[in-house]
Amino acid sequence: MTIIVTGAAGFIGTNFVYYILSEHPDYTIIGYDALTYAGNITNLDKAIENHRFTFIKGDIRDRDAVYKLCQKTHPDIIINFAAESHVDRSIENPSIFIQTNVEGTEVLLDAAVKYGVKRFHQISTDEVYGDLPLNKPELKFSEISPLRPSSPYSASKAAADLLTLSYHRTYGLNTTISRCTNNFGPYQHEEKLIPKTIQNALSNKAIPVYGTGLNIRDWIYVLDHCKAVDSIIHKGRNGEIYNIGADNEISNITLIKQILSSLNKSEALITYVEDRKGHDLRYALDSSKLKKEFPALSFSPFDKALQRTIEWYHPTC
Ligand SMILES: NC(=O)c1ccc[n+]([C@@H]2O[C@H](COP(=O)([O-])OP(=O)(O)OC[C@H]3O[C@@H](n4cnc5c(N)ncnc54)[C@H](O)[C@@H]3O)[C@@H](O)[C@H]2O)c1
């Protein structure tokens, strides 16, 4: 089995490469990544030592390069993690989000059709559904909830999902899509909430918190996301969408306080800043479809996984 993993040098892509190398000792993996500011090739140092892994630097928008790669390697599966992924950056400059997340996905889908790829898996996000109110904890999004993205980032991800579904219907491409909640774990870029909180706390720098900090996210340990994607690419039903949630809903401020407490740092470092434009209030997923189809999947307890993550960024704590 040969798998192309796009965005392999990013946070989740890196974790996924290591996960597949250890879980499937007979698989060949090709990591394809443009190494933007978010990609870090040194993340993959240990993978590159493995003869079953090859890294190719390339852009998913580069049709010639993507076609050549598929022609040469005959992938069974393409998994698309490559994306511009930071909401704040999408508010500053939406264009690159449309180019990479939409046009890049279209190039990959064309390649998958042209080279007879057996499964195309699109990594999506819970953010495509928009947000939920804070005062109705019983509400959750299911796979058939309407798409109401709030930011240019989530709008570009929703567009990529719709393109993927259209290639399934129009060209008969074998596809699956997964929509996951917020990930945490090793190898995440320091611009994101958890690594930034840890780094700032360690250097006794202010920790910026948008608005009131009461916005709620459902946090999943990155390897649990990888596990779920592994199940879906192998046994997920053709043409289906799967929500991947962890039922760990926590407000940003509670999460930050938990990290500070674990690092023995003062809450005085917390600095409230002007809220993000269009800031989503709450994300929560109904993942009953995933649980029903993959009953063996079990996820890590949040507190333990968070502690492991803090230790990864700060090995002496
Ligand atoms: N991080 C999360 O909490 C989360 C949650 C749900 C879904 N997702 C989705 O998972 C995927 C991976 O997210 P992440 O957090 O690992 O992102 P990331 O920003 O850490 O990594 C993205 C990777 O894509 C690469 N890339 C960007 N543009 C490219 C291009 N044009 N061609 C080739 N490579 C390119 C970057 O170099 C980087 O290595 C994204 O599609 C994102 O939407 C992320």
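The legends below describe close-up views of a predicted model.

Residues are numbered from 1 along each chain as its sequence is written. Because the model is predicted, local features need pLDDT of at least 70 and side-chain atom pairs count only at pLDDT 80 or more, while totals for chains, interfaces and linings use all residues.

**View 1. The shell around the ligand.** Among the 30 residues around the ligand, those that come nearest are Gly 7, Gly 10, Ala 38, Gly 39 and Ala 83, where a residue is near a molecule if its C-beta atom, placed from the backbone, lies within 6 Å of it. By class, the shell holds 12 nonpolar, 13 polar and 5 charged residues, with Ala, Val, Leu, Ile, Met, Phe, Trp, Tyr, Cys and Pro counted as nonpolar, Asp, Glu, Lys and Arg as charged, and the others, Gly among them, as polar.

View 2. At least two residues each come from helix H1 (11–23), helix H5 (95–114), strand E5 (119–125) and strand E7 (182–184), and H1 gives the largest share, 3 residues. Helices (H or I, at least four residues) and strands (E, at least two) are DSSP runs, numbered from the N terminus.

**View 3. The partners of E9.** E9 runs parallel to E7, joined by 3 bridges, and Asn 183 stands opposite Ile 220. With strand E11 (residues 249–251), E9 runs antiparallel, also through 3 bridges, and Arg 217 has Ile 250 as its bridge partner; two strands pair if DSSP finds at least two bridges between them.
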